[in-house]
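Q: I am new to this structure and would like to learn how its features are read, one at a time. Could we begin with the overall fold and then turn to single residues?

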Amino acid sequence: MIETADVFTSRDGRLVRADGYPPHPERFAAAAFDLPTLLGDGRFG
């Protein structure tokens, strides 16, 4: 199984944040990346 999510999309010719969220956020945290900050998203974390 492969998980996919639209993290970014294009609207009116601009790249914008979509509603998707990468799977396995713990992997980003283990590598010292703050995923909510990277994505500019306050929903998680």
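Q: How many helices and strands does the protein have, and in what order do the elements run?

A: Helices (H or I, at least four residues) and strands (E, at least two) are DSSP runs, numbered from the N terminus. The protein has two helices and two strands, and from the N terminus on its elements run β-β-α-α. This is a predicted model, in which local features need pLDDT of at least 70 and side-chain atom pairs count only at pLDDT 80 or more, while totals for chains, interfaces and linings use all residues. Residues are numbered from 1 along each chain as its sequence is written, and side-chain values use heavy atoms, with hydrogens and water left out.

Q: How many bridges join S1 to S2, and which way do these strands run?

A: Two strands pair if DSSP finds at least two bridges between them. Here S1 (8-11) and S2 (14-17) are joined by four bridges and run antiparallel; Arg11, for example, has Arg14 in S2 as its bridge partner.

Q: Which residue in the hairpin of S1 and S2 takes a positive phi?

A: Most residues other than glycine have a negative phi. In this hairpin, which has two residues between the strands, Asp12 takes a positive phi near 55°, and Asp12 is found in the loop between S1 and S2.

Q: Where does His24 lie, and what is its phi?

A: His24 lies in the loop between S2 and helix H1 (25-30), and its phi is positive, about 60°, although His24 is not a glycine.

Q: What can be said of Pro25, and what separates Pro25 from Leu35?

A: Pro25 is found in helix H1 and counts as partly exposed, because its relative accessibility is 38%. The C-alpha atoms of Pro25 and Leu35 are separated by 6.9 Å, and these two residues are ten residues apart along the chain.

Q: What share of the contacts in the protein with a separation of 6 or more comes from residues 24 or more positions apart?

A: A contact means heavy atoms within 4.5 Å. Among the contacts in the protein with a separation of 6 or more, residues 24 or more positions apart account for 12%.

How values were computed:
Buried < 20%, exposed > 50% of the residue type's maximum accessible area, 1.4 Å probe, protein only.
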